[in-house]
Amino acid sequence: MENSFTAVYEKLDDWYIGYVQELPGANVQERTLEEARESLQEAIELILISNRELAEQQLSGF
């Protein structure tokens with residue numbers, strides 16, 4: 001299964017802010033746009049893993 005998300009990047013002063021509209025909690029702040037992209041990708045992966053683990057725990061009754 002492939003997921004598609006909308007990443008938004010904004011430049012505020014010396015920082016780049018990145019977030020995903022469809023995934024609450026997926027947001028980053030970095031000095032460069034490339035760093036923001038890499039960090040946001042990692043944040044997305046970690047949130048999806050965490051959400052999957054929580055769902056599996058709820059289904060198994062823990």
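The paragraphs below lead through this structure from its overall layout to single residues.

The model is predicted, and local features are given where pLDDT is at least 70, side-chain atom pairs count only at pLDDT 80 or more, and totals for chains, interfaces and linings use all residues. Residues are numbered from 1 along each chain as its sequence is written, and side-chain values use heavy atoms, with hydrogens and water left out.

The protein chain has 1 helix and 3 strands, where helices (H or I, at least four residues) and strands (E, at least two) are DSSP runs, numbered from the N terminus. Read from the N terminus, these elements follow the order β-β-β-α. The radius of gyration of the protein chain is 14 Å, well over the 11 Å that the globule rule gives for 62 residues, so the chain is more spread out than a compact globule; this radius is taken over C-alpha atoms, and the rule is 2.2 Å times the number of residues to the power 0.38. Along the principal axes, the C-alpha atoms fill a box of roughly 45 × 20 × 15 Å.

Helix 1 has 28 residues and reaches 41 Å from its first C-alpha to its last, close to the expected 40 Å, a span found as 1.5 Å times one less than the number of residues. Just after helix 1 comes Gly 61, which takes a positive phi of about 90 degrees.

Which residues of helix 1 are buried? They are Ala 36, Leu 40, Ala 43, Ile 44 and Ile 47, where buried means under 20% relative accessible area, exposed over 50%, and partly exposed in between (1.4 Å probe, protein chains only). The spacing can be read with a general rule in mind: an α-helix has 3.6 residues a turn, so residues three or four places apart point the same way. The cover over the buried residues of helix 1 includes strand 1 (7-12), strand 2 (15-20) and strand 3 (27-30).

The largest nonpolar core has 9 residues in all, namely Val 20, Leu 23, Ala 26, Val 28, Ala 36, Leu 40, Ala 43, Ile 44 and Ile 47, and helix 1 gives the most to this core, with 5 residues. Such a core is a set of buried Ala, Val, Leu, Ile, Met, Phe, Trp, Tyr and Cys residues joined through side-chain atoms within 4.5 Å. One of its members, Val 20, is in contact (heavy atoms within 4.5 Å) with Phe 5, Thr 6, Ala 26, Leu 40 and Ile 44, leaving aside neighbours within four places in sequence. Over the protein chain, buried residues make up 19% of the 62 residues.

Some single residues complete the picture. Tyr 16 lies in strand 2, and its contacts beyond four places in sequence include Glu 10, Val 28, Leu 33 and Ala 36, whereas the C-alpha atoms of Tyr 16 and Gln 58 are separated by 36 Å. In the loop between strand 1 and strand 2 is Asp 13, which is exposed, with a relative accessible area of 72%, and has a phi near 55 degrees, a positive value in a residue other than glycine.

Finally, the charged end of Arg 31 sits over the ring of Trp 15, 3.8 Å from its centre, and Arg 37 lies over the face of Tyr 9, at 5.7 Å from the ring centre. A charge sits over a ring if NZ of Lys or CZ of Arg is within 6 Å of the ring centre and within 35 degrees of the ring normal.
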